[in-house]
Structure formats: structure tokens, C-alpha cells
Amino acid sequence: MAEEIIEISDTFWNIRGDLRLKGILNVGTQCSLVRLDNGRFAFLGSYTLTGDIRERVMALTDQGRAVEAVLNVHPFHTLHCAQMAQDFPSATFYGSSRHAEVVPEVAWATDRVESDAVAARYPELAFSMPDGIDYISDNEDIHAGSLLVYHPASGALHVDDTFNVLPLPEIVRDVLPVPQIALHPTLKDALHDTPDAGARFCDWAERIATDWSGTRALCAAHSALMRFDEGEFSSALRAAIAKARPKLTAAQG
Ligand SMILES: [Fe+2]
């Protein structure tokens, strides 16, 4: 895994970043750059841009001046927000209530990133909040919740954490029955304390498989981008949910 900017289309770029747990294991992180219909740009997530990736982004965005917003869609992905605010001082910074608490030096917009007001401002994007799990858990180690963002024009789906993709080479996938999509390891712990939480999460994910069946590139923070042919994303997500549903619903029993 190395830092990389991947052009999904001429309106969507996914930037693969490094995130080293305890300084060793690189579990990866990401942000995405979207060209809006007005010709300006929005980021999904924050990442400290350096070297060639920074140059490419600055060239695309008129040295950052065309970046109008940064939408921080994962409440626990806060490491790079302050640097991003320095790099793109004219952008509006949207985040969750936790972003405002943890990174108070950023001038956060009053509207939360998950609000209807923000969604209405970006008709090029579709947003979805998972059902049945905490968006911001009281337990700092539970990161399964996040706001998902789909960009129909490019078929890119930006997911920080709720769904994971294991970064395996195609050749390994050809010989091993590794699922294409995995649920975040803390998902079970993130379930609301209600009897139907597991079922609600699974039903929501199946709706995503239907509503966003045009997904061609699943950009998962941890820790890979996975491409899908037509229809493949829906079947991969349905397979992941079919496997998880008994465990997630039993957890509530
Ligand atoms: Fe994460």
C-alpha cells in the first residue's frame, strides 16, 4: 500500500493514504475529491496532501481556491482536519459534532455534515446513514458508524469504515474464497441496544445494494478500492449481509 491518487472519472478522484497503527501496521485511510456541477470541488474526508498527490490536486483545483467544501463524513477520522483547513482556507468545513469537539481550531460550519441542509447543497451526491448502529459511539474504539456518500455520475461509493475491503491482489482472490466486502470488525459492538437493531442494519445495507447498484468503485478507508462490473457490487454486498445477518440478529437475542 502506498499513497496514491486514483482517477475514477473526470469528476471523482480517490486518494489512498497511509494510517499506521502503533506506527507499524498500515491500515490505510482515504479522502475523495469530487468535481461539482458548478465546476468547483468538494472533498469527502480529510488527508494531509504531500508530494505528487498534492501537486495534482492543486493543479485540478486552481491551487485549492476552487475547493468550496470539505465534508468530513466519519466522526472518528479527525487526524488530518486541521492540516486540511490550513491547506484549503477558503473551503467550508462540515463535520459531525465530534469533529467540532476534537478539532476546535477548525472553523466548522454550523450545519452538521449528516444534515439534510448539507445533502440539499450537493445534489451530485447521495448520502446515507446506516440504520441500527451508533454514528458516534461512546466507546472511542468503535468506528463502524459513518455517513456513506455515493456519486452516481462516476459510480464511486465513498465509505469510511462501515464496509471494508481487504487489500488482496486479484490473484489471491482468484484462488481463495475471500469475500469482496467485509463489515467493520466493530459493527456488532456498534448496534443500538434494541432487539431489532441487527435486522435494521442488515435491511439498510440491502437497500444500499439496491439503491446504489450502479456502484463501480467501492472506496473503503480501510483499506482498498475495489472495482465492480455491472451488478457485482449488489451481489457482493448482499452476500456479506447474508453471512452477517445471523450473527448480528443473534446478538440481540
Ligand atoms: Fe476508520
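This is a predicted model: local features need pLDDT of at least 70, side-chain atom pairs count only at pLDDT 80 or more; totals for chains, interfaces and linings use all residues.
Residues are numbered from 1 along each chain as its sequence is written, and side-chain values use heavy atoms, with hydrogens and water left out.

**Around strand S11**

Helices (H or I, at least four residues) and strands (E, at least two) are DSSP runs, numbered from the N terminus. Two strands pair if DSSP finds at least two bridges between them. Strand S10 (residues 148-151) runs antiparallel to S11, and three bridges join them. The two form a hairpin with four residues between them, and Gly155 in the turn has a positive phi of about 75°.

S11 also meets S14, this time in parallel, through four bridges. Here Ala156 stands opposite Ala217. S14 goes on to form a hairpin with S15 through three residues, and Cys219 stands opposite Leu225 in S15. The table gathers these pairings.

| Strands | Bridges | Direction |
|---|---|---|
| S10 and S11 | three bridges | antiparallel |
| S11 and S14 | four bridges | parallel |
| S14 and S15 | four bridges | antiparallel |

In a regular strand the side chains alternate between the two faces of the sheet. In S11, Ala156 and His158 point one way and Leu157 and Val159 the other way, and all are buried. Buried means under 20% relative accessible area, exposed over 50%, and partly exposed in between, with a 1.4 Å probe and protein chains only.

**Helix H8 and its partner**

S11 is also among the elements that cover the buried residues of helix H8, as are helix H6 (187-190) and helix H7 (197-211). H8 (residues 232-250) has 19 residues and reaches 28 Å from its first C-alpha to its last. That is close to the expected 27 Å, where the expected span is 1.5 Å times one less than the number of residues. Its buried residues include Phe233, Leu237, Ile241 and Leu248.

H8 has a kink of about 45° at Ala244, shortly before the proline Pro246. The bend at a residue is the angle between axes fitted to the seven residues ending there and the seven starting there.

The axes of H7 and H8 come within 9 Å and cross at roughly 175°. H7 is therefore roughly antiparallel to H8, a label for angles over 145 degrees. Axes are lines fitted to C-alpha atoms, for helices over the stretch in contact, and angles run from 0 to 180 degrees between N-to-C directions. The contact includes Phe201 and Ile208 of H7 and Leu237 and Ile241 of H8; contact means heavy atoms within 4.5 Å.

**A buried loop residue**

Ile142 lies in the loop between strand S9 (126-128) and S10. Ile142 is buried, with a relative accessible area of 11%. Among the residues that Ile142 touches, leaving aside those up to four places away in sequence, are Phe76, Thr186 and Asp189. Ile142 and Lys188 are 46 residues apart in sequence and 9.5 Å apart in space, C-alpha to C-alpha.

**The six-stranded sheet**

Elsewhere, an open sheet of six strands has the order S1-S2-S5-S6-S7-S8, with mixed pairing. Its edge strands, S1 (4-9) and S8 (92-94), each pair on one side only. The twist averages 20° from one strand to the next. Helix H1 (residues 51-60) packs on this sheet, touching S1, S2, S5 and S6.

Terms used. Angles under 35 degrees count as roughly parallel, over 145 as roughly antiparallel, 65 to 115 as roughly perpendicular and the rest as oblique.
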